[in-house]
Amino acid sequence: MRTEPTRRERTVLAGLRRRTPLAAFRRAASRRGREAWIVGGAIRDACLGVVPLEIDVAVSGDADLLAQDLERAGVGRAVFLSRDRPGPRVFRVAGRRPLDIAEIEGGSIAADLARRDFTVNAVAVPFHGGAILDPFGGLADLSRRRLRCVRAENLLDDPLRALRAARFLASHGLSPDRATLDAARRAAPGLAGVAPERIATELARLLGSPAAAPALRWAARAGLLPAALGFELSAARAFGLARSLRALDDRATRRLPEPRRRRLRLAFLAGRLGLSEGQTRRWLQERRWGRREADDAALLNALAAAAGAISMRRDAWRWVVGAGPLAADAAHLAARTGAAARRRAPLLARLARTPRRRLAVNGGDVMRWLSLPPGPMVGALLAALEVSAAAGEVKNRREARDWLSGQVRNGLSPAIIVAH
């Protein structure tokens, strides 16, 4: 089926062709006499009125040569992507605007589209212009916000596609039909054999979307959550976990930037799974999340769990100081965690917004003023001093020196000082 683009679609597609990497690609493909098509997500997003962040192209022949041509032209670095995944070879030209170049699968563009995951992605437009190739009615499905498999077997070929269906529900508002749900259930056992890095990429997009709970509930219905999260979960627990995420689909969470939404939801899920700070960090690192994101989610989980035990204002200041730049998100999470934490969350959020006095005192000052050798005592004193300064008890270096002298004069150990 060939579909003439609408005026808006023609405008967006023409804009895509003018983008810097595609202009260079067109020249390279012409020199080598290659047929080429813009495929999949770029067309899908253009038809939804979204400017694509990444563009995929399919080519006849060797994609590696074209990727190397673009690297030599200064477009970006050529990276082989498909080493650990099924299907044709794919190369990314990683520059300012990434471009993925895939070899067509099955010998023709028609056969290639027949092997794709969903009808909304099984679309292509010839690189030099012309009608959109839409053999499976993907554009009609887009207009209905419907997600359909091209073939159920295609999800079995790559079980990650089943999780991708849930992600499209979150990121694009596309509702999988019954046949897609059935196909995802059949593919679910194979998801355990998919590389954790690929699973983490799909989950990151799902959890960073404005609303994530409906997509996670769909994944639970399809039996995908145990393999997706790397946890043994009963069906009942998987459904409960997915339903609980509604707490972070509220308007305030939706307004946050995507990275903050994602790490809040990761921390929330870790808490619902009963993980400690250290366990959260290990879980996410084993599932191939980035170290920074794993550390942040682990700390957020621990802070939310600790919020309910706060009984005094000084305890609240200690919590805020310990949270550092994550204080606002930690208070946001605490307000959606449990009854005790919710009661403390307004105070914690208010203190997190309060400008804090910062004293120009360092470890050298502490050692010089108190005649102390380097060691844990110095760090403990500095940490306790930061809390006192935040609470307004210490306002300048002179008061800081007096306060520190008083701590040592009273013979407090580092553990007692931290808790003071």
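**Chat notes on a predicted model**

Q: Which helix does Gln407 lie in?
A: Gln407 is part of helix H23, residues 397-409. Bear in mind that this is a predicted model.

Q: Is Gln407 buried or exposed?
A: Buried, because its relative accessible area is 6% and the cut-off for buried is under 20%.

Q: Which residues of H18 are buried?
A: Helix H18 covers residues 313-323, and its buried residues are Arg314, Ala316, Trp317, Trp319, Val320, Val321 and Ala323.

Q: What follows H18?
A: Gly324, with a positive phi near 60°.

Q: Where is Arg145 found?
A: In the loop between helix H6 (138-143) and strand S9 (146-147). Arg145 counts as partly exposed because its relative accessibility is 38%.

Q: And what is phi of Ser371?
A: Also positive, near 55°, and Ser371 is again a residue other than glycine. Ser371 lies in the loop between helix H21 (363-370) and helix H22 (376-390).

Q: Why does Ser371 count as exposed?
A: Because its relative accessibility is 66%, and exposed means over 50%.

Q: At what angle do H21 and H22 pack?
A: About 110°, with their axes 10 Å apart. H21 and H22 are therefore roughly perpendicular to each other.

Q: Which residues make that contact between H21 and H22?
A: From H21, Gly363, Val366, Met367 and Leu370; from H22, Val378, Leu381 and Leu382.

Q: Another helix pair: how do H15 and H19 cross?
A: Helix H15 (residues 258-272) and helix H19 (residues 327-334) cross at roughly 50°, and their axes come within 11 Å. That angle makes H15 oblique to H19.

Q: Is the crossing of H15 and H19 left-handed or right-handed?
A: Right-handed. The contact involves Arg260, Arg263, Leu264, Ala267 and Phe268 on the H15 side. On the H19 side it involves Ala328, Asp329, His332 and Leu333.

Q: Switching to rings. How many aromatic pairs does the structure hold?
A: Four. One of them is Phe118 with Phe168, an edge-to-face pair with centres 6.0 Å apart and 85° between the planes.

Q: Is Phe118 buried or exposed?
A: Phe118 is buried, and Phe168 is buried as well.

Q: What sits over the ring of Phe168?
A: The charged end of Arg167, 4.5 Å from the ring centre.

Methods:
Residues numbered from 1 in each chain as written. Predicted model: local features only at pLDDT ≥ 70, side-chain atom pairs only at ≥ 80, totals over all residues. Heavy atoms only, no water. Phe/Tyr/Trp six-rings, centres within 6.5 Å; stacked < 30°, edge-to-face > 60°. Buried < 20%, exposed > 50% of the residue type's maximum accessible area, 1.4 Å probe, protein only. Lys NZ or Arg CZ within 6 Å of the ring centre and 35° of its normal. Axes fitted to C-alpha atoms, helices over the stretch in contact; angles between N-to-C directions. Helix = DSSP H or I, 4+ residues; strand = E, 2+ residues; numbered from the N terminus. Parallel < 35°, antiparallel > 145°, perpendicular 65-115°, else oblique. Left-handed = near helix turned anticlockwise from the far one by under 90°. Contact = heavy atoms within 4.5 Å.
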